[in-house]
Amino acid sequence: MDKFSRCRHNSLRNHEVTKLLLINSDYEPAMILKKGLEKYGFEVYCCANVLTAIQDIEKTRRVNYEMILCDIQKCDTEYLLFAKQVREFSHTVKIFLLSPCEFEDVVIRNAIMAGVNEIIKKPISEEKLNIILQDYIDGIKNPLDSALKL
């Protein structure tokens, strides 16, 4: 059975509350994505940019989310610093980058080395994004855990 067909039956609703930080500087798309994720049972918190998220983590000295979804542009590099900062406090939080751009292998490698779990190419439907996030919740995919065992 194709895993994308499962979403039509709404069987992919997140059964446990998963706290997710959404970092996106574009308000309207962020609110649309937030509503879509909440529909699947995620508890979504929003932050306008990576630097604000870094300040929040430095202030509390911990990461209060199970997942972080960060919308980036090709020229952004703050996400590398952010991922490293998150990894100082948590090796279990899942970090996802959303981008409309294609990345070179070296950029992908640097992101993974910094602690990013996955780079997701936009545009992506709410259903497909939920499937990707749900796979991590269910433990189906977890490249970070695999990398830590090497």
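Helix α3 has 12 residues and should span 16 Å at 1.5 Å a residue; its end C-alpha atoms lie 17 Å apart, which agrees. The expected span of a helix is 1.5 Å times one less than its number of residues. Helices (H or I, at least four residues) and strands (E, at least two) are DSSP runs, numbered from the N terminus. The model is predicted, so that local features need pLDDT of at least 70 and side-chain atom pairs count only at pLDDT 80 or more, whereas totals for chains, interfaces and linings use all residues. Residues are numbered from 1 along each chain as its sequence is written, and side-chain values use heavy atoms, with hydrogens and water left out.

The protein contains six helices and five strands, which follow the pattern β-α-β-α-β-α-β-α-β-α-α along the sequence. Of its 150 residues, 42% count as buried. Buried denotes under 20% relative accessible area, exposed over 50%, and partly exposed the range in between (1.4 Å probe, protein chains only). A contact is defined by heavy atoms within 4.5 Å. Among the contacts with a separation of 6 or more, 71% are accounted for by residues 24 or more positions apart.

The largest nonpolar core has 22 residues, and L21, I23, I68, F82, V86 and L97 have the most contacts inside it. Two or more residues are given to this core by each of β1 (18-23), α2 (50-60), β3 (67-71), α3 (78-89), β4 (94-99) and α4 (105-114). Another core, of 17 residues, lies apart from it and includes L22, L69, F96 and I120. A nonpolar core is a set of buried Ala, Val, Leu, Ile, Met, Phe, Trp, Tyr and Cys residues joined through side-chain atoms within 4.5 Å. When residues up to four places away in sequence are not counted, I23 touches C47, N49, V50, A53, I68, L69, C70, D71 and F82.

Helix α3 has Y79, F82, A83, Q85, V86 and R87 as its buried residues. The axes of α2 and α3 come within 10 Å and cross at roughly 20°, which makes α2 roughly parallel to α3. Axes are lines fitted to C-alpha atoms, for helices over the stretch in contact, and angles run from 0 to 180 degrees between N-to-C directions. Angles under 35 degrees count as roughly parallel, over 145 as roughly antiparallel, 65 to 115 as roughly perpendicular and the rest as oblique. The crossing of α2 and α3 is left-handed. Contact is made by V50, L51, A53, I54, I57 and E58 of α2 with E78, Y79, L81, F82, Q85, V86 and F89 of α3. A left-handed crossing is one in which the near helix is turned anticlockwise from the far one by less than a right angle, and a right-handed one has it turned clockwise.

Helix α1 (residues 27-39) packs with α5 at an angle of about 60°, their axes being 10 Å apart; α1 and α5 are therefore oblique to each other. This crossing of α1 and α5 is right-handed. The residues in contact are I32, L33, G36, L37 and K39 of α1 and E126, L129 and L133 of α5. Helix α5 has 12 residues and reaches 16 Å from its first C-alpha to its last, close to the 16 Å expected at 1.5 Å a residue. Its buried residues are L129, N130, I131, I132, L133, Q134, D135 and Y136. After α5 comes G139, whose phi is positive, near 80°.

Several individual positions were also examined. G115 is found in the loop between α4 and β5 (118-121) and, at 4% relative accessibility, counts as buried. Its neighbours within four places in sequence aside, G115 is in contact with R87 and I95. The C-alpha atoms of G115 and L80 are separated by 8.2 Å, although these residues are 35 residues apart along the chain. S99, in strand β4, is buried with a relative accessible area of 0%. Not counting residues up to four places away in sequence, S99 touches I72, I120, K121 and K122.

The peptide bond from K122 to P123 is cis, with omega near 0°, and P123 lies in the loop between β5 and α5 (126-137). R61 occupies the loop between α2 and β3. Phi of R61 is near 60°, a positive value in a residue other than glycine. At 55% relative accessibility, R61 counts as exposed.
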